[in-house]
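Work through the exercises below with the sequence and the model open. Each task is followed by a solution in steps.

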Protein chains: 2
Amino acid sequence: MAEADLRIHAVDQGPLEHWETQLPLAVVFAESVEDVQKLVRLAGEHGVAVVTRAAGTSVSGGANAVTGSVVLNLTRMNRILQVRPEDEVAVVEPGVINAELNAAVAEHGLMYAPDPASYRTSTIGGNVATNAGGLRCAKYGVTRDSVLALDVVLADGTLIRTGSATFKGVAGYDLTSLFVGSEGTLGIIVGITVRLRYLSPKVETIAAFFDDLPTAAQGVLEIGRARVQPAIMELLDRGTMQALDGAHGSDLAQRGAALLLLQTDGYGAQIEAEMIREVLVKLGGRVSAPGDEESNRLVNLRRHARGDGIVNEARVGEDVAVPRSQLVKYVEALEGLAAEHRVDLKVVAHAGDGNLHPTFSVSSDDGVIPAEAMERLQAALDGSVRVALDMGGTITGEHGIGTYKLRWLGWEQNDDVIALQRQIKQAFDPNNLLNPNRAIL
Amino acid sequence: MAEADLRIHAVDQGPLEHWETQLPLAVVFAESVEDVQKLVRLAGEHGVAVVTRAAGTSVSGGANAVTGSVVLNLTRMNRILQVRPEDEVAVVEPGVINAELNAAVAEHGLMYAPDPASYRTSTIGGNVATNAGGLRCAKYGVTRDSVLALDVVLADGTLIRTGSATFKGVAGYDLTSLFVGSEGTLGIIVGITVRLRYLSPKVETIAAFFDDLPTAAQGVLEIGRARVQPAIMELLDRGTMQALDGAHGSDLAQRGAALLLLQTDGYGAQIEAEMIREVLVKLGGRVSAPGDEESNRLVNLRRHARGDGIVNEARVGEDVAVPRSQLVKYVEALEGLAAEHRVDLKVVAHAGDGNLHPTFSVSSDDGVIPAEAMERLQAALDGSVRVALDMGGTITGEHGIGTYKLRWLGWEQNDDVIALQRQIKQAFDPNNLLNPNRAIL
Ligand SMILES: Cc1cc2nc3c(=O)[nH]c(=O)nc-3n(C[C@H](O)[C@H](O)[C@H](O)COP(=O)(O)OP(=O)(O)OC[C@H]3O[C@@H](n4cnc5c(N)ncnc54)[C@H](O)[C@@H]3O)c2cc1C
Ligand SMILES: Cc1cc2nc3c(=O)[nH]c(=O)nc-3n(C[C@H](O)[C@H](O)[C@H](O)COP(=O)(O)OP(=O)(O)OC[C@H]3O[C@@H](n4cnc5c(N)ncnc54)[C@H](O)[C@@H]3O)c2cc1C
């Protein structure tokens, strides 16, 4: 295989350790469960690590290769095996693109709820391996809440099935949840049975511009206090709006310093939207009128809000989550950190879940970033993570630890918790050949 | 401790192995996390098994003692430690009764969604250890979907914390889900952080009587086809109605052979109820009018429908779940099995989840059941489990394996899956002292 091909398969969209690409030995494209089993067995015999890769949209370095590894590409295992509208389940191969599954089930009035902003490119297998979140998760829960059963190839090539195609089941331990979010370190997911939800008969969209970010965050709390549950509740700051304006020719940034984007759905959508509008107007928001066309366009723009800038040494995005009551204080803290360390800040958040993606960056006119600026960037990043933890939050709401966030994992988890996870890893993959050195310490 | 006290603590409400009570050595009432840690350490030093017990409402024998064990009673650890309305979370000790938590959060417009029919007696700790389901789970998911973080005492006395008090979090493996439903075999749950949901501003109740059970089951499918999601969707057969009539003086059984009980909630409750009524009338159901008072009483009766008869050798209840499309065929099969083996059948089901509780029984005039009748009973039970598995179902939707369902676990799970779970148990509890010989094979 040409080095260029290896290079493409060596990295995902997340940060690299020391920003150095490690090339794999080879890339294998599996087309069947048997292909996966064969590769894993062969790799086991030769003590070669297997790095599983789907669409490579991870932003945590979870799919980054390691030197001497084989990359197992699953994108060709992309068949929707069953859509069972009466059971409200579907069975898919891991390489099926999220948007394609949703398109296939929509004709039955169904949806696969978890919709990461990468839904048009990322795979169900990747979503499961990272327990991906998304916009609709505010109401419908994350990937784990939609996964009923898994087919998994273990480190020794054994194929097992966990869970069952029923909505409920408590036979034995919850192995399904253990594989969900395990980032390919415990087994390779080769089949997924998902629960589908009802497509909403109607959706109401609300866009509300605010003069500052903390007030917009306060809106999230006020809506909660009104005990209204939107399907989508996203928060964008001015930096994010500027990026969208640049990419799409919109004029968002001049309309406010922060934007709350909401959708209500179900048969109560209209009443709920009305309640939300009232709450946000009272807070000083400039709120879109019912039926406003532009708001829907904004939601679609938001779905791509993370795609505007690839991460690199000088621009890194985070993924913390905090208890909801801390949202206002947390965005204030972020703004404080950006000022203190003189770095640029951009924030987009799945605000309904208390899950924020601040992106910090530094720049220079000639493109060469001085070491001193890099240090400020790192200090801001570390600070943003520390503050989230101090507020009772987590270092990663949905992107996973991958390789990049390993440096903070010990801040969140103590030695006993780390040891317990190591024991699980040891039991499942005694030779440490599946996605080594990521997800856990 | 008097033998009578030991005897009370030796059994839960489920079947006993060979119907023989095994008395524990002692019962310890913990009042703090430290009490639990001390007991577990002491037990470890002496190689004594610890059987954790909460309210003892398990119907699977999960809390049954084993000879030579110490029973650890957690019912005195019953403080609600925090209600955080802004965060929409609560933190409780394990012995808090489900209904008490719900009462405490209701004043904030919140609810703890999972509501097993035992909600007035069972504990949050027990609910978590069994991943309990309930009536509202049709819409709001099971216990696992409401648990954010756990404090757990491990087999060596170490206290760990899993998860975080955020709605989302993917740092490391999902240990929280692994402990949920592990029936006390991996650790003792001493603190629980739950997510709360919004209490619905209104609820619409619908009662629909049918001439036969399969048609009522068909109603569940038709409602699904209309893509309406009720909060509650329960199915009761005539036998269940007769039992309720006997206990409460109602006249349900003479009104039909089956009853579907539904509730819709949220701001769309009324529209949804109207749609459901239409669907069920078309199917020949005798459907209650909007606002009908009696329907609400019926839901409350249903909440206690399982309490009418304690299990014993001659009367055993099951807990299978099947894919939704199989509901009609499955209730037909149950009726066939009852006829074939000449046993009595009673069915109550969390039908929205495809989770059924058939109870088979045999009787005799003098109370002495002939061995031949016991064999027929066992054949009917085995048959009902086998049919559920053949339809792609599971042997337990919510009650857990406990000790009673171990005999069927190997029918559902193959040796590789069993081995993997044993390795987890071995890693967490190497001396097999926590709730030995239950939940897994
Ligand atoms: C523009 C953009 C927007 C995004 N928005 C979101 C968002 O809203 N929410 C969110 O959660 N994430 C988001 N992400 C991150 C990313 O898309 C998700 O993590 C996604 O789930 C990764 O899927 P993938 O198919 O690209 O997997 P990859 O990136 O190829 O792999 C991700 C991880 O899973 C492992 N893996 C993949 N497939 C398997 C398998 N079958 N078996 C075992 N292990 C496997 C890999 O080894 C790796 O560790 C976004 C990324 C981008 C670029
Ligand atoms: C009338 C009636 C109705 C019921 N309805 C339902 C229903 O609708 N849905 C449903 O799911 N179940 C139902 N059940 C079964 C039972 O109530 C549930 O399984 C409940 O979750 C058990 O809670 P408990 O506090 O009684 O626990 P126990 O019965 O004391 O214990 C249950 C299991 O959990 C373990 N355990 C308990 N607490 C802990 C802890 N803190 N840490 C570790 N392990 C622990 C025990 O060792 C045991 O294995 C019903 C039972 C009855 C009698």
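**Exercise 1.** Across which strands of chain A does helix α9 lie, and at about what angle does it run to β11(A)?

Solution. First, the ground rules. This is a predicted model, in which local features need pLDDT of at least 70, side-chain atom pairs count only at pLDDT 80 or more, and totals for chains, interfaces and linings use all residues. Residues are numbered from 1 along each chain as its sequence is written, chains are lettered from A and ligands numbered from 1 in the order in which they are written, and side-chain values use heavy atoms, with hydrogens and water left out.

Step 1: find the elements. Helices (H or I, at least four residues) and strands (E, at least two) are DSSP runs, numbered from the N terminus. Helix α9 of chain A covers residues 269–282.

Step 2: list its partners. Helix α9 lies across β11 (203–210), β13 and β14 of chain A. Contact means heavy atoms within 4.5 Å.

Step 3: take the angle. Helix α9 runs at about 5 degrees to β11(A). Axes are lines fitted to C-alpha atoms, for helices over the stretch in contact, and angles run from 0 to 180 degrees between N-to-C directions.

Step 4: compare helix α10 (residues 293–302) of chain A. It lies across β11, β12, β13 and β16 (344–350) of chain A, at about 105 degrees to β13(A).

**Exercise 2.** Give the strand order of the seven-stranded open sheet in chain A.

Solution. Step 1: apply the pairing rule. Two strands pair if DSSP finds at least two bridges between them.

Step 1: read off the order. It is β14-β11-β13-β12-β16-β17-β15 in chain A, with antiparallel pairing. β14 (286–287) and β15 (315–317) of chain A stand at the edges with a single partner strand each, so one side of each has no neighbour in the sheet.

Step 2: check one pair. β12 (residues 232–237) and β13 (residues 258–265) of chain A are antiparallel over six bridges. Leu236(A) stands opposite Leu259(A) in β13(A).

Step 3: turn to chain B. β15(B) and β17 (residues 355–361) of chain B pair in the antiparallel sense over three bridges. There, Gly317(B) has Thr359(B) in β17(B) as its bridge partner.

**Exercise 3.** How many aromatic pairs does the structure hold over all chains?

Solution. Step 1: count. There are four. Rings of Phe, Tyr and Trp (its six-membered ring) pair if their centres lie within 6.5 Å; planes under 30 degrees apart count as stacked, over 60 as edge-to-face and the rest as tilted.

Step 1: classify one. Tyr404(A) and Trp408(A) have ring centres 5.6 Å apart and planes at 85 degrees, so this pair is edge-to-face.

Step 2: check burial (buried means under 20% relative accessible area, exposed over 50%, partly exposed in between; 1.4 Å probe, protein chains only). Tyr404(A) is buried at 12%. Trp408(A) is buried at 0%.

**Exercise 4.** How many residues of chain B are in contact with chain A?

Solution. Step 1: count both sides. 86 residues of chain B contact 86 residues of chain A.

Step 1: give the area. About 6,800 Å² is buried between chain B and chain A, and carbon and sulfur atoms give 57% of it. Buried area is the accessible area (1.4 Å probe) that two parts lose on being put together, summed over both.

Step 2: Lys168(B), Tyr173(B) and Arg227(B) supply 15% of the area that chain B buries against chain A, more than any other three residues.
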